[in-house]
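Have the viewer ready and follow along.

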Amino acid sequence: MAAYIVLPIACVLPALVLGYPTGAGDPACINLTPQHRSSIAQNSTPPYSLFVDTNSIKQGGMVTVTLNATATNGYFKGFLVQARCTKCSTADTAIVPGTFAKYTASDGTIQTKNCADGDKNSITHTNASEKTSVMFTWKAPAGYDVSQGIEFRATVVQSLRTWWNTVMSDEISVTTSSCSRSASAMVVVIGSIIASLFL
């Protein structure tokens, strides 16, 4: 009888230790909080960084983002990264509707995720292997309000009870694309021509 009791427990333990081993769960989408039993976020400085390769992009532009373990022999098993609006009144819950993608198509450790009815607006892990770095890209919405800033925020999981949700990138500003400026200028020109016809 003992063997029949021990085996199911042994099978369950990996799932409990790793939380969501094949990617962040849907409940984590809004507040970037893993649904791990009886655990809370660490309040120490996170041993991780989110590096962005630029601090300014145009509407519809792309940025490369790298999540790194910064401690010696450091690693992480799981993560969830999103772009958040820094100047919105609902900044803590405003997921910017941009599009994440793998930096390397063959990278089997990461996957995009649809959060809050969005399309590929988050990126997460695919397995619970120990990782030291992951790289991905994010494309800004073509019509993003340029008065709002963007930063990337992450929850990074080292183990069931050890995780941080205060990993943030530098802020990125968004500028009007040349296409948008050209379109606006064209509207002005056409408007002027139409107005002159009635003078």
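Which residue does a disulfide join to Cys-29? The partner is Cys-115, with an S to S distance of 2.0 Å. Please keep in mind throughout that this is a predicted model.

**Disulfides**

The link of Cys-29 and Cys-115 is left-handed, with -65° about the S-S bond. Cys-29 sits in helix H2 (residues 28-31), while Cys-115 belongs to the loop between strand S6 (110-113) and strand S7 (122-125), so the bond ties together parts that are 86 residues apart in sequence. Cys-29 is buried, at a relative accessible area of 4%. Cys-115 is buried as well, with a relative accessibility of 0%.

A search of the whole structure gives 2 disulfides. The other bond is formed by Cys-85 and Cys-88, whose sulfur atoms are 1.9 Å apart. The link of Cys-85 and Cys-88 is right-handed, with 90° about the S-S bond. Are the two cysteines buried or exposed? Cys-85 counts as buried at 2% relative accessibility, whereas Cys-88 is partly exposed at 25%. If you number the bonded cysteines of the chain in sequence order, the pairing reads 1-4, 2-3.

**Salt bridges**

How many salt bridges does a search of the whole structure find? The search finds 3, and the table lists them with the distance between nitrogen and oxygen.

| Asp-26 | Lys-113 | 2.7 Å |

Let us take Asp-26 and Lys-113 to begin with, a salt bridge whose closest N and O atoms are 2.7 Å apart. This pair links distant parts of the chain, 87 residues apart: Asp-26 is in the loop between helix H1 (2-18) and H2, and Lys-113 is in strand S6. Asp-26 is exposed, with a relative accessible area of 54%. Lys-113, in contrast, counts as buried at 12% relative accessibility.

Glu-171 is partly exposed, its relative accessible area being 38%.

Glu-151 is buried at 11% relative accessibility, and Arg-153 is buried with a relative accessible area of 16%.

**Aromatic pairs**

The whole structure holds 6 aromatic pairs. One of them is Tyr-48 with Phe-76: the ring centres are 5.8 Å apart and the planes stand at 85°, so the pair is edge-to-face. Tyr-48 lies in strand S1 (residues 48-52) and Phe-76 in the loop between strand S3 (62-69) and S4, which makes this a link between distant parts of the chain, 28 residues apart. Tyr-48 and Phe-76 are both buried.

Trp-138 and Phe-152 also form an edge-to-face pair, at 5.4 Å centre to centre and 85° between the planes. Trp-138 is in strand S8 (residues 133-139) and Phe-152 in strand S9 (residues 150-159), so their contact ties together parts that are 14 residues apart in sequence. Trp-138 is buried, at 0% relative accessibility, and Phe-152 is buried with a relative accessible area of 0%.

Which residues form one aromatic cluster? They are Tyr-48, Phe-76, Phe-79 and Trp-164.

**Confidence**

How far do the pLDDT values reach? The chain has a mean pLDDT of 81, and 75% of its residues reach 70 or more. Over residues 1-18, however, the pLDDT is below 50, and this stretch has 7 contacts in the model beyond near neighbours in sequence. Residues 180-195 also stay under 50, and the model has 3 contacts for them beyond four places in sequence. Where pLDDT is low, the predicted coordinates should not be read in detail.

Terms used
Residues numbered from 1 in each chain as written. Predicted model: local features only at pLDDT ≥ 70, side-chain atom pairs only at ≥ 80, totals over all residues. Heavy atoms only, no water. Disulfide = S-S within 2.5 Å. Helix = DSSP H or I, 4+ residues; strand = E, 2+ residues; numbered from the N terminus. Buried < 20%, exposed > 50% of the residue type's maximum accessible area, 1.4 Å probe, protein only. Salt bridge = Lys/Arg side-chain N within 4 Å of Asp/Glu carboxyl O. Phe/Tyr/Trp six-rings, centres within 6.5 Å; stacked < 30°, edge-to-face > 60°. pLDDT = per-residue confidence, 0-100. Contact = heavy atoms within 4.5 Å.
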